[in-house]
Amino acid sequence: MLTDAQKQEFDDRGYLVFEGLLGGARLAHYLSALDQLVERGRALSEPAGHFSLELDADGQPVPGLLHKVQGVCVVDSRILDLAREPGIVDRAAELLGCEEVDVFGTKFFPKLPGGGTSTHWHQDNFYFGTNSRRILSCGVYLQEADRRNGCLRVVPGSHHDAVIVDHQREQGMHGSWTQVEESRAVDVAVAAGTVVLFSANLLHGTADNEDPARTRYSTAWHYVPGGLDLERFRRGEYEDRWTVRRAVPA
C-alpha cells in the first residue's frame, strides 16, 4: 500500500500525510457523532469522567467549553469504528511491520472557536515512559485545519533524537510541554478527511484555535503491534486499548 518513497519519507521526516482517506457519508457519520459529544460538553459546569473543559488564565475550568474527551472510544463506539477504518489501519500496520494491530489512548479534540486549545510541543512517548519506535501516533482531521484554527505542527526529523526531552507543566494549560525553536517547525495544514501518521518520538503540537467561527475536530491515538507489552497500557488490562486488526492465520 505504501510506496518506497513514502517509507523513505517516513524514515527521514517522521510523519506521513494522507489526504482524503475519509469522505462522503463516512466522514459525515463521524462528524455527527463528534457533534453529539460537544453537546454533552456544553452541559458541563466542571470536568466529568472522560470529559475535560478548557481552562481560564487562573487554571479554572470554563463551563460548557469542551477541551478533550479522553478515552473517546470508551465513551462512543462509533469512534472506535473510525480507529478501525481499513484505510488507516492497513497503512499503520505496514509502517509498524506487523499483521496484528492495537490502538490505545484515544482522544477527541474539538478545538472550539475563538480559543480552543489542544496540545503544545511534546513527544507522545514522554507520556508513555519509553522511546520505543514501535508506537505510531495518528491524527485524524475531520475538518479543515490551518494555522488560524489550530492545525498540527511538527519538527521534521526530530524522531531521530533518542533522548526524550524535558516537559514542564504551566499554569492555565492542560498537560506538560516543552520548547521548540520556531524556525524548525512546520505547519501541517490539511483538508477535511486527512489522516497523519507519525512517530511517537516526533516533536509535535498544535496552534490554538483563534478563528471565531470555525471548529477543528480531530481525533488522536496510537497504533502498536498487538504483541507489544506496554507496562501502563497492557492488552486486556487497560480500558482504552483495542484490537483493530487481527493477524491473518498462516
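Start by selecting Arg78, which is partly exposed at a relative accessible area of 24% (buried means under 20% relative accessible area, exposed over 50%, partly exposed in between, with a 1.4 Å probe and protein chains only). Asp76 counts as buried, at 10% relative accessibility.

A word on what you're looking at: this is a predicted model, where local features need pLDDT of at least 70 and side-chain atom pairs count only at pLDDT 80 or more, while totals for chains, interfaces and linings use all residues. Numbering runs from 1 along each chain as its sequence is written, and side-chain values use heavy atoms, with hydrogens and water left out.

Next, select Arg235 and Glu100, whose side chains meet in a salt bridge at 3.2 Å, N to O. This pair links distant parts of the chain, 135 residues apart: Arg235 is in the loop between strand 12 (218–225) and strand 13 (241–245), and Glu100 in the loop between helix 5 (86–96) and strand 4 (101–109). (Helices, H or I of at least four residues, and strands, E of at least two, are DSSP runs numbered from the N terminus.) Both count as partly exposed, Arg235 at 37% and Glu100 at 23% relative accessibility.

Now go to Glu144 and Arg214, another salt bridge, 3.4 Å from N to O. Here 70 residues separate the partners in the chain. The whole structure holds 17 salt bridges.

Time to go inside. Which residues touch the most other members of the largest nonpolar core? Show Leu82, Phe108, Cys138, Val140, Leu142, Trp221 and Tyr223, out of 42 residues in that core (buried Ala, Val, Leu, Ile, Met, Phe, Trp, Tyr and Cys joined through side-chain atoms within 4.5 Å). Helix 2 (residues 24–42) gives the most to this core, with six residues. Apart from this core lies another, of eleven residues, including Val154 and Phe198.

Last stop: the cysteines. Searching the whole structure turns up zero disulfides (pairs of cysteine sulfur atoms within 2.5 Å). Cys73 has its nearest cysteine sulfur, that of Cys138, 11 Å away. Cys151 is buried at 0% relative accessibility, and its sulfur is 16 Å from the closest cysteine sulfur, in Cys138, too far for a bond.

Key. Salt bridge = Lys/Arg side-chain N within 4 Å of Asp/Glu carboxyl O.
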